[in-house]
Amino acid sequence: MITSALPRTRGATGPDPSADEPITAWALAARSGDADAGERFVRALHRDVLRYVTHLCGDPQAVDDLAQDTFLRALAGLHRFEGRSSARIWLLSIARRAVFDSYRRAAARPRLSDAPDWQASVERSQPRGLPGFDDGVALLDLLAALPDERREAFVLTQLLGLPYAEAAELTDCPVGTVRSRVARARATLLALLDEVEPA
């Protein structure tokens, strides 16, 4: 059932902000040349970056490259990180820029082919019968139906578990706007679920 794939509602405050303190400390230590702290920083946030990039870019083939680009940019710019925000927020803002830069690069390149043949080929090569595969695809389709701003707010707060204040800082908009976008995203997702699976 698709509804089981939707994340549970998190409180307005999200996870404990003190959980980011060690990650930020590792980033600051890595800035000073501590290679072990740099590894811990990357390991601690790798999954969050993958999830965020996945939902922003919508291209599963590009996710690993974009995550790698994010970490390369972050490690190259670590000397500029001063710890004024959490390392998680800083890194996710880099991930966001990496995705948007990839859109700009793709828009500047000419398309090789608009033929639908590649879609049929991809659909035939997808694994079938895996537990939760259909639910996962359905959830991604539902999320893709959301406007970009609502999808981003929903992913940040409901899937990545960021507090609304940190999501607002990352997206450069007021907290109330983030709350509104999440509420509207939920309403849209529930309406779409009702269309797909009538009670």
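This is a predicted model: local features need pLDDT of at least 70, side-chain atom pairs count only at pLDDT 80 or more; totals for chains, interfaces and linings use all residues.

Modeller: Let's start with Phe 81, which is buried because its relative accessibility is 2%, and the cut-off for buried is under 20%. A search through the whole structure turns up 2 aromatic pairs, and Phe 81 belongs to a tilted one with Trp 90. Their ring centres are 4.9 Å apart, with 40° between the planes. Those are the two things to look for, since a pair of aromatic rings is described by the distance of the centres and the angle of the planes.

Now hop over to the pair made by Phe 100 and Tyr 103, which is stacked: 6.4 Å centre to centre, with 25° between the planes. Both residues are in helix H4, 3 residues apart, which is about one turn of the helix. What about their surroundings? Phe 100 is partly exposed, at 31% relative accessibility, and Tyr 103 is partly exposed as well, at 39%.

While you're looking at H4, check out the largest nonpolar core. This core has 46 residues, and among those touching the most other members are Phe 41, Tyr 52 and Leu 92. Helix H4 gives the largest share of the core, 8 residues.

Notes. Residues are numbered from 1 along each chain as its sequence is written. Side-chain values use heavy atoms; hydrogens and water are left out. A nonpolar core is a set of buried Ala, Val, Leu, Ile, Met, Phe, Trp, Tyr and Cys residues joined through side-chain atoms within 4.5 Å. Buried means under 20% relative accessible area, exposed over 50%, partly exposed in between (1.4 Å probe, protein chains only). Helices (H or I, at least four residues) and strands (E, at least two) are DSSP runs, numbered from the N terminus. Rings of Phe, Tyr and Trp (its six-membered ring) pair if their centres lie within 6.5 Å; planes under 30 degrees apart count as stacked, over 60 as edge-to-face and the rest as tilted.
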